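Morning, everyone. Please look at the model on the screen while I walk you through it.

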Amino acid sequence: MKNKINELPKAKELLKLVQANPDLPIIAYVNSEIVGGDCYYWLGEFTNVSIREYAKVEPYNYYEMNIVWKDDYIEYMEYLMEQEEWADLSNEEAENKALDIINNLEYTKVICVYVDLPNHI
């Protein structure tokens, strides 16, 4: 059974976001279970779309992440608070300093397309 793009709710949502925000870049946020092995292309399923903001930072945490989402920064805040040079700060002082850094990052607004494992394979 073939699907037409206007019958797919998430595709319709993506089209609406692109029409309303034609200057925003579109990025794919791909589930780590998809990208592995020695393949050059992977099959994934488009599961969600939203407008988000991210900032590039130095790699941090176990996974060496190098982005921070404006609406999801807890891991980065914890990383900052664990810095050796902050050891003399109280927890409240370190949290305030981390939040100040996070709030002043240079964020980029994007249309974020989420790609997960396909359900039909």
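Let's start with charges. A search of the whole structure finds three salt bridges. Here that term means a side-chain nitrogen of Lys or Arg within 4 Å of a carboxyl oxygen of Asp or Glu. One of them joins the side chains of Glu 13 and Lys 10, at 3.5 Å from N to O. Both residues sit in helix α1, three residues apart, about one turn of the helix.

Some ground rules. This is a predicted model, where local features need pLDDT of at least 70, side-chain atom pairs count only at pLDDT 80 or more, and totals for chains, interfaces and linings use all residues. Residues are numbered from 1 along each chain as its sequence is written, and side-chain values use heavy atoms, with hydrogens and water left out. Helices (H or I, at least four residues) and strands (E, at least two) are DSSP runs, numbered from the N terminus.

Now the sheet. What is the order of its four strands? The order is β1-β4-β2-β3, in an open sheet with mixed pairing. Two strands pair if DSSP finds at least two bridges between them. The edge strands, β1 (26-30) and β3, each pair on one side only. Neighbouring strands are turned by 55° against each other on average, direction ignored. Axes are lines fitted to C-alpha atoms, for helices over the stretch in contact, and angles run from 0 to 180 degrees between N-to-C directions.

Take the pairs in turn. β1 runs parallel to β4 (residues 108-116), over five bridges. β2 and β4 are antiparallel, over nine bridges. Tyr 114 in β4 is also the bridge partner of Asn 48. β2 and β3 are antiparallel too, over four bridges. There, Lys 56 has Ile 67 in β3 as its bridge partner. β2 and β3 form a hairpin with four residues between them, and Asn 61 in the turn has a positive phi of about 65°.

Next, the helices. α1 (residues 9-20) lies across β1, β2 (45-60) and β4, at about 55° to β2. α2 lies across β2 and β3, at about 10° to β2. Contact means heavy atoms within 4.5 Å.

Last stop: a pocket. On a 1 Å grid over the protein atoms alone, a pocket is an open set of points where a 1.4 Å probe fits, with protein on both sides within 12 Å along at least five of seven lines; lining residues have an atom within 4 Å of a point. The second largest pocket has a volume of about 170 Å³, the space filled by probe spheres set on the points. Which strand gives the largest share of its lining? β3 does, with four residues. β3 (65-69) and α2 (74-81) each supply at least two. The lining includes Tyr 29 and Asn 61, residues we have already met.
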